[in-house]
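Visitor: I would like to go through this structure with you, one question at a time. Could you guide me through it with the cut-offs stated as we go?

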Amino acid sequence: MPVSKRELTAASAGGSLYLPLWSHTQQYFELLVQILERNVRDSPCHEIQLCRNPFAKVPLVAFILCLCLCLGIAGGAVNAGPLHDAARKGDLDEISQLLSQGVDVNTRDESRETALIEAALSGQTRIAAFLIEANADIEARNDRGFTALHAAAYSGSVEIAVLLLDHGAEVDALSKHKITPLHVAAEENQAAVAELLIARGAEVEAIQVYGYTPLSRATFMKSTQVMALLKKHGAQCQPKKTIGASYAACVAVGN
């Protein structure tokens, strides 16, 4: 994995972790069970570095784990350059001026994110289009191997996802842990983006490094809209030995 709703990365939120903690004891317990079953080992907060809102879907137990991994991101947040800041804020005039002054459109912050990734995270369609026309690298990856298409899937920006795909973005781009954009859309319940990715040829049964498909990721995070969509397109629930207690929930959707 827009900005005002999700605050997707610490790097783009000035490193601030300021949103209120949830206090749902049952959610804490359920998530702890998932962690013990290795069901949330690679959630976007861990892998994508899209931690602008570590509380949006993940209660306190997961936040503590996330915080340990995300503190390093906050440093990049403070040191993100003006091009990244302008992309996040949607300031086209500032971006035009910076590029005219010779700033590299593909300059990286400390998490190796580009301004295009920032625009995708922030749902800034006009900025993304401008950066692409300015020869931004469509397939540039951050230090976890995530592309702008992963970021668009996280933020739920169909328009940016279409832009990227129309300009040749790899629909099944793999992160360092073999997470595809469809895995991300599934976990975040971004049904519209998931449908687009599938229509463009995304592998419905892609398996990331810990052995989970998009349907399993959607099931772990109770992303029911995407669960139904994936099953409609032929996705099968993984065995109980793979997804543990989530198996029953997976089977129940659509039946």
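Visitor: How many helices and how many strands are there in the protein?
Guide: Helices (H or I, at least four residues) and strands (E, at least two) are taken here as DSSP runs, numbered from the N terminus. This is a predicted model, in which local features need pLDDT of at least 70 and side-chain atom pairs count only at pLDDT 80 or more, while totals for chains, interfaces and linings use all residues. Residues are numbered from 1 along each chain as its sequence is written, and side-chain values use heavy atoms, with hydrogens and water left out. On that basis the protein has 16 helices and 0 strands.

Visitor: What is the mean pLDDT of the protein?
Guide: pLDDT is the predictor's confidence in each residue, from 0 to 100, and it stays under 50 over residues 1–33 and again over residues 35–79. Where pLDDT is low, the predicted coordinates should not be read in detail. Of the protein's residues, 68% reach 70 or more, and the mean pLDDT is 77.

Visitor: Is H183 buried or exposed?
Guide: H183 lies in helix 11, which covers residues 181–187. Residues are called buried under 20% relative accessible area, exposed over 50%, and partly exposed in between (1.4 Å probe, protein chains only). Because its relative accessible area is 2%, H183 is buried.

Visitor: How many residues does the largest nonpolar core have?
Guide: A nonpolar core is a set of buried Ala, Val, Leu, Ile, Met, Phe, Trp, Tyr and Cys residues joined through side-chain atoms within 4.5 Å. L197 is among the residues with the most contacts inside the largest one, and, not counting residues up to four places away in sequence, L197 touches L149, L165, V171, P181, L182, A185 and A202. The number of residues in this largest core is 59.

Visitor: How far apart in space are G201 and D172, C-alpha to C-alpha?
Guide: G201 sits in the loop between helix 12 (191–199) and helix 13 (214–220), and it is partly exposed because its relative accessible area is 47%. Not counting residues up to four places away in sequence, G201 touches V171 and D172. G201 and D172 are 29 residues apart in sequence, and their C-alpha to C-alpha distance is 8.3 Å.

Methods. Contact means heavy atoms within 4.5 Å.
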